Amino acid sequence: MTPRQPGRMTARAALAGLAAALPAVACLAQQDGRQDGRLSGSAFMSAETREMQADDAANPGMLSVLDGEALWSRKEGAAGRACADCHSDAATSMRGVAARFPAFDAARNAPVNLDQRINICRAEKQGAAPFAWESPEILALSAYVGLQSRGLPITAGEDPRLAPFIERGRGFYSLRQGQLDLACASCHDDNWGRLLGSSPIPQAHPTGYPIYRLEWQGMGSLQRRLRNCLAGVRAEPFAYGAPEYVELELFLMTRAHGMVMETPAVRP
Amino acid sequence: MARTLINIPKQTRRGEVIEIKTLIAHPMETGFRPLANGSLAPRDIINRLVCTYNGEEVFRADLFPAITANPYVAFTTVATESGEIALSWTDDRGQTQTETVAIKVE
Amino acid sequence: MAKARVRTTEKAGATRRQVLRAGIAAAAVPLLLVRPARATPREMEAAIRAFTGGAEMRPGKVALDLPPLVENGNSVPVTVTVDHPMAPEDHVQAIALFNERNPQPNVAVFHLTPRAGRAAVSTRIRLGDSQKIVAIARLADGSYWSDEAEVIVTLPACVEN
């Protein structure tokens, strides 16, 4: 958790060039009634993009959710079983689940993210080949499972067995790296609200994943988003599913503890 | 079959102007995107959307590559009677996908 | 995958440098690749002529609603409304959208009938660059009405390369 010091806002506002980004964000923070200063990425978006996210009939992420709903009841693999055969109605069985991930997996003695957890069920319960990272199927299922947490607070990180992994994620977040020698924290803690190019730097709270990103013209996972930020500082991205990413995801979700889930969010 | 999302008000009164919102999953490949080998990815877009209301055409759109991936089109129609609203999307290969939704008018 | 969109860097000049240290600023400068083909204002004029048949076009009645500053040119919400009745004998027949600097000047043509009740359409468009957008309505009496808007397209940060 990185609480913001009081008085910082004023100091930042005094800096040149911020006029465009800050007032809107500050105003949103008040509307939100949030006292702790944490803001979802949607607070940094234009009104048009926020509207696109808010209207289920206009949010293209809902196309993926509908795919996920169809996959949920499709019998798959050697076991010939559907997710629904074991978990029945997702609205009940998956309520709040995505808000709790990455979660500790006792068999692996490590945290797994939601995509990994779904693929574990695919392999071990359905006897089917796991879906590839970023495949439309895994994004659809995680969007559908994620939707069942929409509006609920993030609860990830409460399991005490996760503590050492959260700490490793925090270490990575604060580590200066890449050709530009920047840490995630350099942008997302020390410079949020400022403009990078013409994009406001958000606080990096992963409240809406998987997201529909306008830049991608499609859906993508939090890991894909993190890869974009690593490429941004000219650092070598890890392979999908690398423990470093899962720990970083876990740290980010823990840092966003209590914030409201927005899946499927829309981001620029 | 591409995934579609059609939104109309569940219940309407006769004479009311209702909004129909449509989304369809499609890459809308412009034909102008260079590939790694230097050639251009061939154009593949949805070029037409037609809406009929109990069989009669009430709206049609000609779409070009400047329309976003996963095209969103919203328009209006007067709720005249209960029945069926059909949306048909046609792509560059001439394939048409039609989806229908029921409309209830009081 | 190579990104082939031309992005305006004009908005990302002095402000960015004032605000962020050189290191951060460098991250935001994207690869600038030029598209093979682009429409020109003259091509847009030709496309408009093809739609109007060369008929006179008057400003008015049409309202083209676009955000003046766009976060990502991949998806720009557009709404066009025409302030005109939709009666069988007197209605808006078609609404066409054109752009000045995408590879092609045509964006969309919407064909309406009196059964629309209102002349109002919304969609989302791609804009490779800051440019002018034109909306034209054709009425049943053969008259043409138009509105236009200038849109500034900004570049997104932290993209795939």
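The model is predicted, so local features are reported only at pLDDT of at least 70 and side-chain atom pairs only at pLDDT 80 or more, whereas totals for chains, interfaces and linings use all residues. Residues are numbered from 1 along each chain as its sequence is written, chains are lettered from A in the order in which they are written, and side-chain values use heavy atoms, with hydrogens and water left out.

The secondary structure of chain A comprises 12 helices and seven strands. Helices (H or I, at least four residues) and strands (E, at least two) are DSSP runs, numbered from the N terminus. Of the 268 residues in chain A, 57% are buried; buried means under 20% relative accessible area, exposed over 50%, and partly exposed in between, with a 1.4 Å probe and protein chains only. When contacts in chain A between residues at least 6 apart in sequence are considered, 66% join residues at least 24 apart. A contact means heavy atoms within 4.5 Å.

Helix α12 of chain A covers residues 243–255. Its 13 residues reach 18 Å from the first C-alpha to the last, close to the 18 Å expected at 1.5 Å a residue; the expected span is 1.5 Å times one less than the number of residues. Helix α12(A) is mostly covered, with 11 of its 13 residues buried. The buried set runs through A:Y245, A:V246, A:E247, A:L248, A:E249, A:L250, A:F251, A:L252, A:M253, A:T254 and A:R255. These buried residues pack against one strand entry, β2 (110–112), and against helices α7 (114–125), α9 (163–174), α10 (184–188) and α11 (222–232) of chain A.

Helix α11 of chain A also holds A:C229, which counts as partly exposed because its relative accessibility is 25%. A:C229 and A:V65 are 164 residues apart in sequence, and their C-alpha atoms are 25 Å apart in space. In the loop between α11 and α12 of chain A lies A:R234. The phi angle of A:R234 is near 60 degrees, a positive value in a residue other than glycine. At 36% relative accessibility, A:R234 counts as partly exposed.

Chain B has zero helices and eight strands, giving the pattern β-β-β-β-β-β-β-β along the sequence. The C-alpha trace of chain B spans about 60 × 20 × 20 Å along its principal axes. Of its 106 residues, 52% count as buried, and the accessible surface of chain B is about 4800 Å², with 47% belonging to carbon and sulfur atoms. Among contacts in chain B between residues at least 6 apart in sequence, those joining residues at least 24 apart make up 57%. Chain B carries 11 positive and 13 negative side chains, and the centres of the two sets are 4 Å apart. In this count Lys and Arg are positive and Asp and Glu negative, while His and the chain ends are not counted; the place of a charge is NZ of Lys, CZ of Arg, CG of Asp or CD of Glu.

Strand β8 of chain B (residues 96–105) contains B:Q97, which counts as buried because its relative accessibility is 10%. Leaving aside residues up to four places away in sequence, B:Q97 touches B:M1, B:A2, B:T4, B:I24, B:L87, B:S88 and B:W89. Its side chain reaches the backbone oxygen of B:A2 at 2.7 Å; a polar contact is a pair of N or O atoms within 3.5 Å, where within protein one must be able to donate a hydrogen and the other to accept it, and residues adjacent in sequence count only if both atoms are side-chain atoms.

B:N70 is located in the loop between β5 (56–63) and β6 (72–78) of chain B. Phi of B:N70 is near 55 degrees, a positive value in a residue other than glycine. B:N70 is buried, with a relative accessible area of 11%.

Conventions:
Areas by Shrake-Rupley, 256 points an atom, 1.4 Å probe, with all protein chains shown as cover.
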